[in-house]
Amino acid sequence: EWLELDVAEPGSGEEIAAWIGSEVLDVVIYNAGIWESGGFEPEYDFDQAPEDESWHIIEVNLGAAITCIQAVLPHLRRSEKGRIILIGSAAGLENTGLLEVAYTASKFGVRGLAQSLRENLRWDRIGVTCINPGEVANEIPYADGPEAALEAYENARIPIQDIVDLVRCVIDLSPAACVKEINIPAMTDEYA
């Protein structure tokens, strides 16, 4: 089942919680990543980044993660093995040399969110993990398999199947395990 909504809109967390109803949640994955117009392109110029675009990036990548997770916590707390997995980015790691200000700041923030949530939820036994991938071959459909991604990008981008496998690994660990952060740059990613 799918619920379509704009997580940047106020009240989206409550809408998600209402949609869940009385169900127990075992896993929440927050996977959002939007960036500046012209981001990761040679013509990107921070001086020209519109203010509303910067705020929207921060709201979607970070702000909505906070409010949506807060809204569904009662459902996670009833799980025997609750997990929150935040998809950050290698752009949010130290000293990457990237120029995209709002995107990079928001992904640094996702890492901080994971750290704070982990401390807040430690005694609820809800594991919080931040996965920081480098360049992922998002354009290649999952159904095409990892080989299609490896071939299309000459092994320079991570097949989405690798990220899914990492998420499954974290989910399948015992409730005693706490995986704080996983950094997974592409092998040839010069920024990671």
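Biologist: Before we dig in, what is a nonpolar core, and which residues touch the most other members of the largest one here?

Modeller: A nonpolar core is a set of buried Ala, Val, Leu, Ile, Met, Phe, Trp, Tyr and Cys residues joined through side-chain atoms within 4.5 Å. Keep in mind that we're looking at a predicted model. The largest such core has 26 residues, and the ones that touch the most other members are Ile84 and Leu86.

Biologist: Okay, and which element gives the most residues to that core?

Modeller: Several elements give two or more residues, including helix 1 (12-20), strand 2 (83-87) and helix 3 (101-121). With nine residues, the top giver is helix 2.

Biologist: How do the rings of Trp35 and Tyr103 pair up: stacked, tilted or edge-to-face?

Modeller: Their centres sit 5.7 Å apart. Planes over 60 degrees apart count as edge-to-face. Here the planes are at 80 degrees, so the pair is edge-to-face.

Biologist: Is Tyr103 buried or exposed?

Modeller: Buried means under 20% relative accessible area. Tyr103 has 7%, so this residue is buried.

Biologist: And which residues do ring pairs link into a cluster?

Modeller: Phe40 also pairs with Tyr103, edge-to-face, at 5.5 Å centre to centre. That pair joins distant parts of the chain, with Phe40 in the loop between strand 1 and helix 2 and Tyr103 in helix 3. Put together, the cluster is Trp35, Phe40 and Tyr103.

Biologist: Last one: how far apart in space are Asn155 and Ala186?

Modeller: Asn155 is in the loop between helix 4 (146-152) and helix 5 (160-172). In sequence, Asn155 and Ala186 are 31 residues apart, but C-alpha to C-alpha the distance is 8.2 Å.

Methods. Residues numbered from 1 in each chain as written. Predicted model: local features only at pLDDT ≥ 70, side-chain atom pairs only at ≥ 80, totals over all residues. Heavy atoms only, no water. Buried < 20%, exposed > 50% of the residue type's maximum accessible area, 1.4 Å probe, protein only. Helix = DSSP H or I, 4+ residues; strand = E, 2+ residues; numbered from the N terminus. Phe/Tyr/Trp six-rings, centres within 6.5 Å; stacked < 30°, edge-to-face > 60°.
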